[in-house]
Amino acid sequence: MAHHGQTIPVENPGTLEQNVGQLGLFAMYAGAIGLLIAGLIAVTSNNWERFQFSYLHNLCFALSIALGALFFILIQHLTRAGWSTVVRRLAEMMTNGIVPLAVLFVPIVFLLLNGSDVLFLWNNKEIASTDPLLIHKQIYLNPMWFTIRAIVYFAFWILCSRYYLMTSAKQDKTGDPQLSLRMERYSAVSLILFALSITFASVDWIMSLDPRWFSTIIGVYYFANANVAFYATLAIVVHFANSKGMLNETVNAEHRHDIGKLLFGFNCFWAYIAFSQYLLYWYANIPEETVWYMRRQENGWEMVSLILIVGHFAIPFLGLMSRTVKRNPSQLFCWAVYLLVMCWIDLYWLIIPEVSPGSPAPGLIDLGCLVGIGGFFVFGTVKLSEQFTVLAVKDPRLQESLAFHNI
Amino acid sequence: MTTAVEEHPKVVAPAPEPSLAGYVAQFADVPSLLNAAEKTRDAGFKSFDCYVPFPVHGIDEAMGIKPSRLPFIVLGCAFAGATTAMALQYLTNAFDYQYIISGKPMFSIPADMPVTFELSVLFSAFGALLGMLALNNLPKFYNRIFFVDPFQKVTTDGFFLGIECEDPKFHKEDTAQFLKALNPVRVDECIDPNASTAFPKFLAPLAIFLLIVGLIPLVLLARIRAMPKDVPRVEILTDMDFQPKLKSQRTSNMFADGRGMRPIIAGTLARGDFYEDIPLSEGLEADASAEIDHSLLLPNAKNPDGTTVKLGDFAWVTEIPLDVNEELMARGEARYNIYCSVCHGKTGKGDGLVSQRAMALQKGTPGIGTWIKPITLYDQPIRDQAVGQIFNTITHGVRKMPGYASQIPVEDRWAIVLYVRALQKAGSATLDQLPEEEQKRLQADVQ
Amino acid sequence: MASISIDPCDNTLETPGQRAALVTGSNTYQSVTDKVCLLAEKPRIPPMYFVALAISVTWLIILKFCIIYLLTTGVGVWGNMSPVFWGWPIVNFVFWVGIGHAGTLISAILFLFRQNWRTGINRAAEAMTIFAVVCAGLFPGIHIGRVWFAYWLFPLPNTMLLWPQFRSPLLWDVFAVSTYATVSLLFWYMGMIPDLATFRDRATSRVRQIFYGVLSLGWTGSARNWSRYEKAYLLLAALATPLVLSVHTIVSFDFAVSQLPGWHTTIFPPYFVAGAVFSGFAMVATLLVPARVLCGLEEIITIRHLENMCKIMLATGTIVGYAYAMEFFIAWYGGNPYEQFAFVNRAFGPYWWAYWTMVSCNVISPQFFWIKWCRTTPWFMVIICIFINIGMWFERFVITVTSLSRDFLPSSWGYFKPTMIDVLMLIGSFGLFFTLFLLFCRFLPVVAMAEVKSVMPPHSDDHPERVYDQVH
């Protein structure tokens, strides 16, 4: 809808560097210390297996935030969305985090190419060539092809996110509306490639941890989780930005309301996907499928499963339902933090039972890896985004976003 | 002055006294209406309303409308729906009518989710629509504002603001002046014709009459279906009562032999009916079985020369070809009591309930029945029979007794034979064969 | 940017920062109302309307005779056989339920996503939804053979002391479809109340006044009423959004909770929903392209509306293609030979023709919508949409029949052939659908006038002349 009324003046809020200062450096130190501590504990307790799984888990978690952000950018362009312009730059910056994660992924590939089967059982030549369920998968699940795929995923994500960030930054200077149209035009194809890459990435990095198990919905599951993680992160970032006096004039209750709605909506979507998968496997009761769920229903893991049902769905469903909660900065922030923790637990539940079926208790290794990967993720994001303005100041739809009102 | 009275003479029933109900001002566009709404609110009016063809953004604030309670009603309905669904599924499937289905627990929460979800949504949707209507006092077919002439434009492009006379601040002249000052297109009086809103009196009896007339065909239909009749009923819905299928013991011209039931094809055997052990499955010694024509073993069989077959002459097995133990005896007792005792009686005296009843029926009218009292099992001729022959009798039947091969498996037939032997022993026992304690007890009873 | 557009009605060009007009031409609130009411109030109906109605009613009568024949003779008149016990009736059921998803999607989900263009098409789409659900309900209804016992599907106390089996997906279906039909009806009706009031206020005859007067419940357009009305609309939209997902999800459970290869796969729920939206939009477009001409609504249901629908079809068609690909990939990856056989059999077995019809109609034909000309040329769009509908029917046929015809025991394998009654009933259900839709066009507001007015800019012609001499 066209808005009649005078233009709302926008002040240039400045670059990220001007706004966050030394956050990146601090995050890097935290990251280094975190990984170091986790590594030390792994060495002293001779628990490298757990370290590797925990490393992968936190990498997938950080990645889910960045991929959620990439999807957000693409879908906003595709649908010519107006409301989101004030926060889109923040999402564009978050996608920069894919670069450090690609670097952090190198050790996983390195170990795999050197024949390690700690993470991926299918890399054990003996098992892969004798287990009847794995023999035929060798042409897909082999280290070389896995590596190539990982390179393709990361290359696409980085290229795509850089393209959108750079084009948008270009528009900051020129204000050329043609750039918006061009980004819109590429967004459809990018979304298709995005769907394929996130699907096969989740098959490779999450589903193939148990190489005998399969589910057609795994890609959608990880996608749903990524969206929840992203909107939660966006709400947190917006809250921090506002509390630091950044974007105070531009992001208001209306935008928070929409972020809250999308967070709520995608959380319901996650529940829908998770329930669909569970119900079908529970009902059909075929051993080769239920074995994966059995591992998550015994030895204490059943508690984690219950936490997900109640904590990831039921409680936030009721909590985030109200309009008031979504519009209130601190309440939305609390729920966002809470849901981000739940997303972390969700991935923990997906990945860790493969290494620790006997106990769900997290340890210092998990904490170290979380701080480590998270630190480097934040560091990379901030470092690569420093020179960009925190708002797409000359986006043609910025005025609409500023004047936006919910019904 | 424009009033509805002149415009719609048909609409207005003869009413006592039309009275002024308020003023309705029409505005040119949304901004002027919003402006007017704000001023009216600030002037302290409460009983006023704006009338617009579509929802206008910002009018709630301009008029000072408070947020609706509707979400809470809907939330309540959602909980009611979820509770109803869970209770329904628990009471029907886990409590009242338990039935195992694909190995799932009676109360399966994952399987209950779809219906719970659907009912929550259903209840909430009704809550949203009916709650909205109730809070809006709808349906309300009679509304005095409809009598204002330009008001029908409200559903096309008219923007109106009305102040009602019930408002404490309403004043006949001042309010009109107030509205005119708001820059409207026009201001009209709203005259309430005070027409009667009651339903016409003849409607209620008419409705009852129509209801009764409407029920007559249904009652007649029910009568036809439910009353006893000598002739076959009129079948409105046949309910698959007549099906083109063959029933047992009926003729059919579909097959050359005219029989509906099909005989067993020669040389075939039902699954599980094949025994290599001839003495076990036939009660005959293997050599004898190979020699004789098995049709001679059937009841009332005749030799080729026309004489009756003497079953006793065959080479019957004389020992039960199974392990004889208490378990087999218990099994035999149970099977005997199920299958045999109805005619032969629990002790083998031939005084089963079926036999007693048949005899009683025959007693009054001799010649009408052909029932023969079953033979007493511990009579000497039966006691002399080899176990194989008794087995054969159970298998194929004898005289009026049908064969039980199709009902009682081979092993159970032998168990019955064993139990029959026990009955024979009991039935022909003498006092000195009893244990000493029993002898003493019986003698005490006699004295 | 250069604009080469000559057609004043072309609102398909996008200028970032400006929103294209959703009502083209020099329309006012009054003229929008006049146009929408035209067919319902017209003294002379266009002859095309009667031609269309005559054809539809003919097929409806054929459907009626088929049903009478079925009920008096038995379900054996269908081609259902062992092992394909679910033949065309189930295919038709799933097909029609799928069609019925677009309406609520447009009115609920697009409402929540603030897609204002939905206002031009939502009413017709919702009506179409309800009529499609009617057609869908018909097939399982008569499939039970003794339709007079249809109430046994519901948990009602009975003399046999039996209760329905709540662990059965077929019972979930009963609840899902009947809830969906009810809520869609409520949503549709609630949306229509203000427009029925417009009909009431424009009525020239007493009969029309009473008829629309009763239906519109005494709506006055009061702002206090609108406030609660909008809240109720928002709540219903929020309720209908998960509901619309749940319905086809539960239909997919009918298949997916089983252990049959080709049916038991976890992507079925979202994949069925995407397919349903896909086919529903195709049907909405098929209906609206001729209807907008017939009712003279080209300026309200504009090319931009049609183009947006094409984009949604492209998106959902691609999601469906993604699901087809994932099914194949996981069938291979999972390593279950039965599953692998089921998929190879789909593509290269005796039903290869159905499979490749499905793929070419559902995955390939929407790809034309990448081209703007295809999205903005109504007659071409209709052709593609008809292909999509054919493809989506075949999708259900492929899923149902290929999996069932290859039982676990090769001795029970069979080849399903429909009978003439099957074919006539499918075509007859279209007769029912079009008849209902044509009656709707004639008697009810085909466009949500109030909603369209709320998204169109105010026009200078809307300001009536000021009259000050009315009040003493």
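Tutor: Helices (H or I, at least four residues) and strands (E, at least two) are DSSP runs, numbered from the N terminus. This is a predicted model, where local features need pLDDT of at least 70, side-chain atom pairs count only at pLDDT 80 or more, and totals for chains, interfaces and linings use all residues. Residues are numbered from 1 along each chain as its sequence is written, and chains are lettered from A and ligands numbered from 1 in the order in which they are written.

Student: OK, how many bridges join E1(B) to E3(B)?

Tutor: Six, between strand E1 (residues 19-27) and strand E3 (residues 159-164) of chain B, and the two run antiparallel. Within that pair, Val24(B) sits opposite Gly162(B).

Student: And in what order do the four strands of the open sheet come in chain B?

Tutor: E2-E3-E1-E4, with antiparallel pairing. Strand E2 (48-51) and strand E4 (186-192) of chain B are the edges, each pairing on one side only.

Student: Which strands does H2(B) lie across?

Tutor: Helix H2 (residues 30-42) of chain B lies across E1, E2 and E3 of that chain, at about 20° to E3(B). Helix H6 (residues 172-180) of chain B also packs on the sheet; this helix touches E1, E3 and E4 of chain B, and its direction makes about 10° with that of E1(B).

Student: Switching topic: how many residues does the contact take from chain C and from chain B?

Tutor: 60 from chain C and 68 from chain B, where contact means C-beta atoms, placed from the backbone, within 7 Å. On the chain C side, H8(C) gives the most, with 16 residues.

Student: How do H5(B) and H6(C) cross?

Tutor: The axes of helix H5 (residues 109-135) of chain B and H6(C) come within 9 Å and cross at roughly 20°.

Key:
Two residues are in contact if their C-beta atoms, placed from the backbone, lie within 7 Å. Axes are lines fitted to C-alpha atoms, for helices over the stretch in contact, and angles run from 0 to 180 degrees between N-to-C directions. Two strands pair if DSSP finds at least two bridges between them.
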